[in-house]
Amino acid sequence: MENPPSQDDTTLPPEAQPAAASVAEDTAQPEAPVDPLTAMQAEMERWRDLAYRSQAELDNFRKRVAREQQETRSYANADLLRSLIPILDTFAMGMDAARAESEKSIVFMGMSMVQKQMEDFLREMGVQEVEAQGKAFDPNLHEAVSQEASADVAEGTVLRVMRRGYKLKDRLLRAANVVVSSGATKAEG
């Protein structure tokens with residue numbers, strides 16, 4: 001029996017011998033040496049890019065912190081103002097009672113001055129009353145407590161304000177409680 005040729009055997013046909021030699025030479029050659037200057041420049045570019053990215057991240061962080069601090073200052077009094085709103089409601093009822101008695105009474109005149117001071121204070125704080133009367137119902141600003149039929153007012157329009165609503169700048173402190181028109185009834189139509 002014949003033994004199969006071993007890898008060390010040089011019994012390869014002549015056309016295969018040069019190819020085998022070139023494969024051995026390719027694998028035996030070390031990689032070309034890298035230019036140290038090129039390697040340093042590449043490393044420098046990598047660190048420069050990292051520095052620019054870090055600087056940009058730091059700038060974005062500073063801007064975000066400044067924006068959050070400004071927002072905190074702008075809305076810091078929201079809880080205090082929200083607690084003040086029921087007091088304003090009670091004060092408005094007192095004003096209505098004093099007006100019914102006499103608009104020339106000293107009590108009414110004194111309450112009017114206090115009301116003016118409170119309105120000025122709220123305006124300085126950035127508080128605004130939510131407009132509702134005669135406006136289209138907006139569930140983001142209004143809370144419907146009931147609906148009433150009305151031949152004069154279009155469906156979805158606020159007929160009456162039951163409790164005033166307030167906003168602090170662009171944030172809602174309390175929604176306005178309103179009565180909304182359901183339009184004309186079928187018998188009226």
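This is a predicted model: local features need pLDDT of at least 70, side-chain atom pairs count only at pLDDT 80 or more; totals for chains, interfaces and linings use all residues.
1. Now the overall picture. The protein chain has 4 helices and 6 strands. Going from the N terminus, the order reads α-α-α-α-β-β-β-β-β-β. Of its 189 residues, 20% are buried. The chain exposes about 14600 Å², with carbon and sulfur atoms supplying 55% of that area.

2. A word on how the chain meets itself. Take the contacts between residues at least 6 apart in sequence: 62% of them join residues at least 24 apart.

3. Back to the largest pocket, which has a volume of about 230 Å³. Its lining is made up of D89, A92, M93, M95, D96, R99, Q115, V161, M162, R163 and R164. Helix α3 provides the largest share, with 6 residues.

4. D89 deserves a stop of its own. You'll find D89 in helix α3, which covers residues 78–101, and D89 is also part of the lining of the largest pocket. Is D89 buried or exposed? D89 counts as buried, because its relative accessibility is 19% and the cut-off for buried is under 20%.

5. Who does D89 meet? Leaving aside residues up to four places away in sequence, D89 touches R163 and R174. With R174 there is a polar contact, side chain to side chain, at 2.7 Å. R163, for its part, is listed in the lining of the largest pocket along with D89.

6. Next, the second largest pocket, which holds about 200 Å³ of space. It is lined by 13 residues, and those closest to its centre are E119, L122, E129, R164 and Y166.

7. Which elements build the second largest pocket's lining? At least two residues come from each of α3, α4 (106–125) and β1 (127–129). The largest share, 5 residues, belongs to α4. By class, this lining has 7 nonpolar, 2 polar and 4 charged residues.

Definitions and conventions:
Residues are numbered from 1 along each chain as its sequence is written. Side-chain values use heavy atoms; hydrogens and water are left out. Buried means under 20% relative accessible area, exposed over 50%, partly exposed in between (1.4 Å probe, protein chains only). A polar contact is a pair of N or O atoms within 3.5 Å; within protein, one must be able to donate a hydrogen and the other to accept it, and residues adjacent in sequence count only if both atoms are side-chain atoms. Contact means heavy atoms within 4.5 Å. On a 1 Å grid over the protein atoms alone, a cavity is a set of points where a 1.4 Å probe fits but cannot get out, and a pocket is an open set with protein on both sides within 12 Å along at least five of seven lines; lining residues have an atom within 4 Å of a point. Grid points are joined across faces, edges and corners, and a volume is the space filled by probe spheres set on the points. Ala, Val, Leu, Ile, Met, Phe, Trp, Tyr, Cys and Pro count as nonpolar, Asp, Glu, Lys and Arg as charged, and the others, Gly among them, as polar. Accessible areas come from the Shrake-Rupley method with a 1.4 Å probe; for residues, only the protein chains shown count as cover.
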